[in-house]
Amino acid sequence: METLAKRIINRIVLWSNHEYAEEDIEVFYYGAECMLNSLSVDFVLLLWGILTHTLLPTLCWLFVFSIYRHHAGGIHASTNERCILISSLLGISNYIALQYNDFFTSNYIIILTISSLICLAFAPIESTKKKLTKKEQWKEKSIALGIILIAVIFKSFLPEELFISVVYSLLVANVLVIFSVIKQH
């Protein structure tokens, strides 16, 4: 992915006829690499959803997982390839969670309460890329908690399989938060 990202950015920079600082180009490389990773996972999960006839629940899982993880943080894979593989497998595991709908529908309050406690205690996980001020940390934590609260409200509106995907995505994302805390200590 790194090589492909560099090729794409080098071509765009060449076409732009603009001089960029080396630091800017490094940021472009990083952004392109992140985008390619995300698009790879999105493609795998889109294909999985189509093949298993669970496109909407899979997209629901991906949407909630991505937004919550953006605000709460969590452990990261050591390489791009591992990131793509693990993220794809986590999204695919939503298919298995859908098979246990009774468990999730009867335990969603417990799962979301534990998710809230994890969020309150640990989110957002500090990134090595950017340090957050106390105000920014509180904002990210508040948004993550808001997502969990919205999930509770969605119980009344979403079809069961979409609600399970929401609950499961929060569960998975919070497991990654816990793994990050364990790794840091």
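Good morning. The structure before you is a predicted model, so let me begin with its confidence. The mean pLDDT of the protein is 93, and 99% of its residues reach 70 or more. Among the elements, helix H3 has the highest mean value, 96, whereas H1 has the lowest, 88.

I turn now to helix H1, which covers residues 2-16. How far apart should the ends of its 15 residues be? At 1.5 Å a residue the helix should span 21 Å, and because its end C-alpha atoms are 21 Å apart, the model agrees with that expectation.

Which residues of H1 are buried? They are Ala 5, Ile 9 and Val 13. Seen down the helix axis, the buried residues of H1 fall within an arc of 60°, and therefore they line one face. On the face turned away from the buried side we find the exposed residues Thr 3, Arg 7, Arg 11, Leu 14 and Trp 15. Just after the helix, Asn 17 takes a positive phi of about 55°.

Side chains of opposite charge can pair when their charged atoms come close. How many salt bridges does the structure hold? It holds one. In that bridge the side chains of Lys 6 and Glu 2 meet, at 3.4 Å from N to O. Because Lys 6 and Glu 2 are four residues apart in H1, about one helical turn separates them. Lys 6 has a relative accessibility of 30% and so counts as partly exposed; Glu 2, at 42%, is partly exposed as well.

Next, helix H4, residues 80-99. Its 20 residues reach 30 Å from the first C-alpha to the last, close to the 28 Å expected at 1.5 Å a residue. The buried residues of H4 are Asn 80, Ile 84, Ser 87, Ser 88, Gly 91, Ser 93, Asn 94, Ala 97 and Leu 98. Against which helices do they pack? Their partners are H1, H2, H3 (55-72), H5 (101-122) and H7 (160-184).

Asn 37 has its place in helix H2. Is Asn 37 buried or exposed? Its relative accessibility is 8%, and buried means under 20%, so Asn 37 counts as buried. Leaving aside residues up to four places away in sequence, Asn 37 touches Met 1, Asn 80 and Ile 84.

I come now to the aromatic residues. A pair of aromatic rings is described by the distance of the centres and the angle of the planes. A search of the whole structure finds six such pairs. In one of them, the rings of Tyr 20 and Phe 28 have their centres 5.2 Å apart and their planes at 80°, so the pair is edge-to-face. Tyr 20 is partly exposed at 30% relative accessibility, and Phe 28 is partly exposed at 31%.

Trp 48 and Tyr 95 form an edge-to-face pair, with 5.6 Å from centre to centre and 90° between the planes. Trp 48 lies in H2 and Tyr 95 in H4, so this pair ties together parts that are 47 residues apart in sequence. Trp 48 is partly exposed at 24%, as is Tyr 95 at 32%. Elsewhere, ring pairs link Phe 103, Phe 104 and Tyr 168 into a cluster.

With a relative accessibility of 1%, Ala 151 counts as buried. What does Ala 151 touch, not counting residues up to four places away in sequence? Its contacts are Leu 112, Phe 163, Val 166 and Leu 170. Leu 170 is 19 residues from Ala 151 along the chain, and their C-alpha atoms are separated by 8.9 Å.

That concludes the presentation. Thank you for your attention.

Note on methods. Residues are numbered from 1 along each chain as its sequence is written. Side-chain values use heavy atoms; hydrogens and water are left out. Helices (H or I, at least four residues) and strands (E, at least two) are DSSP runs, numbered from the N terminus. The expected span of a helix is 1.5 Å times one less than its number of residues. Buried means under 20% relative accessible area, exposed over 50%, partly exposed in between (1.4 Å probe, protein chains only). The arc is that of the directions from the helix axis to the C-beta atoms. Contact means heavy atoms within 4.5 Å. A salt bridge is a side-chain nitrogen of Lys or Arg within 4 Å of a carboxyl oxygen of Asp or Glu. Rings of Phe, Tyr and Trp (its six-membered ring) pair if their centres lie within 6.5 Å; planes under 30 degrees apart count as stacked, over 60 as edge-to-face and the rest as tilted. pLDDT is the predictor's confidence in each residue, from 0 to 100.
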